[in-house]
Amino acid sequence: MNIIPPDLHFANPAWLYLLIIIPLLLVWYIFRQFKGMPALHFSNTFPFAKYRKTFKQYCYHILFALRMLVLALLIVILARPQTKLSRSEQIVEGIDIIFAIDVSGSMKAADFSPNRLGAAKKITEQFIDARKTDRMGLVVFSGEAYTQCPLTIDHTVLKTLLAKVKNGIIEDGTALGDGLGTAVSRIKDSKAKSKVIILLTDGVNNMGAVSPAMAAEAAKTFGIRIYTIGVGAMGYAPYPIETPFGIQYQNVPVEIDEPLMKQISAATGGEYFRATNNKSLQNVFDKIDKLEKSKIDVLSYHNTKDEYFPFLAAALALLFLEIFLRWMIFKRIP
């Protein structure tokens, strides 16, 4: 049990400077013990040589210690010890975010480090860590799409499932419309104030049963904002190819349907971004992070309470103890 509250502060802290008096008085007391004048004078102290100080004589210094403690407590009382009673309320307008990440074979291109998919996973994880109050989920797509993680506030589970994402887990291709449509179906019934899809791809829609335009229209209907990110260097990018002599890299053309990506974002009130390396992809996520901020209202109430009584009670108790000891135990004659 804490005798002194952890939030104790002083209304008049300048009084505490008086505590410097205590060590000065201690020095004076010690000096007085060695230089004090005797009460009785003897011509020769030889008869008293065999007598030593008793334990009671040593304990006599307790009286001075008690008086110094009383003085210290009185100084603390003058400084007005107080505690602050506070209460705060947080109102959070949460944001629900679904990541729709392309895991097609082209995401193995090495114009990012270690490759496009590896960079996307790493930077997505950092984005997740920075947003403590938002629910998030993950959809992956290639030749088809599926939900890797539904909306959750448990970011540890989300990051664990994100780490398991890799190329080749589903049929190759770029079913951009299916990936977007799956993301929309996962977030459309959310009650959050803001619903967001972050679509990351490096290709052109070439598969799937749902057209990207149709998926974007559905997102608009449900009030979902879509940020699209085109991943890939301009022109050509090194792509790993297995050969009898091991993996060799060959430059292949980068094809991203930017007009379609811009159309999807514009239709839903989002934005399109192009990332050509790790740094620019990080910058894209930083921009989205600033655009989509949770609103937190904090209402604070403060009141102060004087806490001098425990110190006063202790001072009085020590004072009475000192008086009792002085007159009943250590009473001096004459």
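The chain exposes about 20200 Å², and carbon and sulfur atoms supply 60% of it (Shrake-Rupley areas, 1.4 Å probe). This is a predicted model, in which local features need pLDDT of at least 70 and side-chain atom pairs count only at pLDDT 80 or more, while totals for chains, interfaces and linings use all residues. Residues are numbered from 1 along each chain as its sequence is written, and side-chain values use heavy atoms, leaving out hydrogens and water.

**Exercise 1.** Work out how far helix H4 reaches and what caps its N-terminal end.

*Solution.* 
1. Find H4 at residues 116-130, which makes 15 residues. Helices here are DSSP runs of H or I, at least four residues, numbered from the N terminus.
2. From first C-alpha to last, H4 reaches 21 Å, close to the 21 Å expected at 1.5 Å a residue (1.5 Å times one less than the number of residues).
3. Now look at Asn115: one of its side-chain oxygens lies 3.2 Å from the backbone nitrogen of Leu117, capping the N-terminal end of H4.

**Exercise 2.** Trace the largest nonpolar core and find which element supplies its largest share.

*Solution.* 
1. A nonpolar core joins buried Ala, Val, Leu, Ile, Met, Phe, Trp, Tyr and Cys residues through side-chain atoms within 4.5 Å; buried means under 20% relative accessible area (1.4 Å probe, protein chains only).
2. The largest such core has 33 residues, and Phe99, Leu138 and Ile229 are among those with the most contacts inside it.
3. Its largest share, six residues, comes from H4.
4. A second, separate core has 26 residues, including Ile98 and Val254.

Note on methods
Helices (H or I, at least four residues) and strands (E, at least two) are DSSP runs, numbered from the N terminus. A polar contact is a pair of N or O atoms within 3.5 Å; within protein, one must be able to donate a hydrogen and the other to accept it, and residues adjacent in sequence count only if both atoms are side-chain atoms. Buried means under 20% relative accessible area, exposed over 50%, partly exposed in between (1.4 Å probe, protein chains only).
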